[in-house]
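I opened this entry to keep track of what I looked up, going from totals to single residues.

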Amino acid sequence: MLNKEKNVLDKILSVYGTLYEAEKKIADYVIDNQQKVIDMTVSELSFESGVSEATIIRFCKKCDFKGFHHLKIEMAKEMVTSEEKNISNDLNSNNIDQSLKNILANKVEEIKQTISMMDENEIKKILNVIKNARIVQFAALGNTIPVILDGAYKFSQIGISAVANTIWENQLAFAYTLTEKDVVIAVSNSGSTKRLITLIDVANEKHATTICITNHEKSPLANKCQYKINTATREKLFFDEFSFTRVSAMVVVEVLFLLLVSEKRDAYNWVSEHEGSMVDDKI
């Protein structure tokens with residue numbers, strides 16, 4: 001699989017949380033006026049967004065572009081090759097059909113971008129350490145907890161000892177029992193949660209292998225982990241301030257699970273034994 005760079009929109013969204021308020025004004029304007037921005041000069045964007053030209057240049061570089069001209073070129077290329085038609089970011093209960101199409105298009109793009117950004121060599125290394133781990137600890141907080149519960153359940157089903165806890169203090173206490181034979185997988189959209197960073201610090205002190213799944217590849221959490229898998233999220237297109245989706249993180253867990261199943265020769269036996277033990281519970 002060829003590894004693909006983030007597109008313009010995902011580059012902006014991935015750093016959005018780290019931007020200053022003036023830079024966020026530019027990001028918001030570009031997100032909401034992509035077609036219009038392509039034909040604008042830096043002076044025109046400065047006037048429309050109410051920020052200085054120097055701020056626009058800093059914003060572009062934070063998004064990994066050489067400058068505003070580079071951003072426009074990449075955006076234009078994507079629009080030419082885009083297959084999406086009549087799709088917007090609008091949600092309207094008076095037009096459910098189009099709203100559903102908009103949601104579907106953005107969710108599909110989240111998944112496509114997340115998988116396309118996966119580095120083949122990095123994934124192979126991650127699979128190897130997980131397969132050989134004594135214990136895999138999943139860690140997360142808030143509305144990301146369902147992701148780690150699902151991950152621990154899936155891994156345990158195929159014979160990989162995995163744990164996840166809904167209580168932060170229990171997660172931290174367990175981290176102190178880790179050894180160099182263990183793995184921690186921390187899941188955080190922002191990558192800036194202080195409690196998770198503390199847990200990873202403990203895991204690193206215990207010489208466990210640390211992996212993070214995050215939308216922010218240069219976040220404090222990502223910088224402290226030995227391996228990282230980047231996710232893409234489009235929810236900023238629908239909600240200005242909040243992020244609720246964990247679809248991309250769930251997809252990453254699913255990808256790791258399926259690849260582990262394909263590599264573990266005894267995976268089917270573990271799943272079969274597990275399912276057999278619950279057969280009496282099913283109608």
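For the surface total I use accessible areas from the Shrake-Rupley method with a 1.4 Å probe. On that basis the protein exposes about 15,200 Å², and carbon and sulfur atoms supply 54% of this area. I note at the start that the model is predicted.

**Entry: totals**

I looked up the secondary structure and found 14 helices and five strands. The protein has 283 residues, and buried residues make up 46% of them. I then took the contacts with a separation of 6 or more; residues 24 or more positions apart account for 69% of these.

**Entry: the sheet**

In what order do the five strands lie in the sheet? I read the order as β2-β1-β3-β4-β5, in an open sheet with parallel pairing. The edges are β2 (162-163) and β5 (227-230). Each of these has a single partner strand, so one side of each is left without a neighbour in the sheet. I also checked what packs on the sheet: α11 does, touching β1, β3 and β4. The direction of α11 makes about 165° with that of β3.

Next I went through the pairings.

- β1 (residues 136-139) joins β2 through two bridges, and the two run parallel. Here alanine 162 in β2 is the bridge partner of valine 136.
- β1 also pairs with β3, in the parallel sense, over four bridges. Valine 136 stands opposite valine 183 in β3, and phenylalanine 138 has isoleucine 185 of β3 as its bridge partner.
- β3 and β4 pair over five bridges, again in the parallel sense. In this pair, alanine 186 stands opposite cysteine 212 of β4.

**Entry: cover on the strands**

I wanted to know how the faces of the strands are covered. In a regular strand the side chains alternate between the two faces of the sheet. For β1, Val136 and Phe138 lie on one side and Gln137 and Ala139 on the other, and all are buried, so both faces are covered. For β3, one side carries Val183, Ile185 and Val187, and the other carries Val184 and Ala186. Both faces of β3 are covered here too, with these residues all buried. That makes five of the five residues of β3 buried, so β3 is largely enclosed by the rest of the structure.

**Entry: aspartate 182**

I stopped at aspartate 182, which is found in the loop between α10 (168-175) and β3 (183-187). Is aspartate 182 buried or exposed? Its relative accessible area is 1%, and buried means under 20%, so aspartate 182 counts as buried. I then looked for what its side chain meets, and found a polar contact with the side chain of arginine 134 at 2.8 Å. Leaving out residues up to four places away in sequence, aspartate 182 touches Arg134, Ile135, Thr177, Ala208 and Thr209.

**Entry: histidine 207**

Histidine 207 sits in the loop between α11 (194-205) and β4 (209-214). Its phi is near 65°, a positive value in a residue other than glycine. The relative accessible area of histidine 207 is 59%, and exposed means over 50%, so I list this residue as exposed.

Which residues of helix α4 (residues 42-49) are buried? I found Leu45, Ser46 and Ser49. Seen down the axis of α4, these buried residues fall within an arc of 105°, so they line one face of the helix. Just after α4 comes glycine 50, with a positive phi of about 75°.

In helix α5 (residues 53-62) the buried residues include Thr55, Ile56, Phe59 and Cys60. They cover an arc of only 140° around the axis, which puts them on the same side of α5.

Technical notes
Residues are numbered from 1 along each chain as its sequence is written. This is a predicted model: local features need pLDDT of at least 70, side-chain atom pairs count only at pLDDT 80 or more; totals for chains, interfaces and linings use all residues. Side-chain values use heavy atoms; hydrogens and water are left out. Buried means under 20% relative accessible area, exposed over 50%, partly exposed in between (1.4 Å probe, protein chains only). Contact means heavy atoms within 4.5 Å. The arc is that of the directions from the helix axis to the C-beta atoms. A polar contact is a pair of N or O atoms within 3.5 Å; within protein, one must be able to donate a hydrogen and the other to accept it, and residues adjacent in sequence count only if both atoms are side-chain atoms. Two strands pair if DSSP finds at least two bridges between them. Axes are lines fitted to C-alpha atoms, for helices over the stretch in contact, and angles run from 0 to 180 degrees between N-to-C directions.
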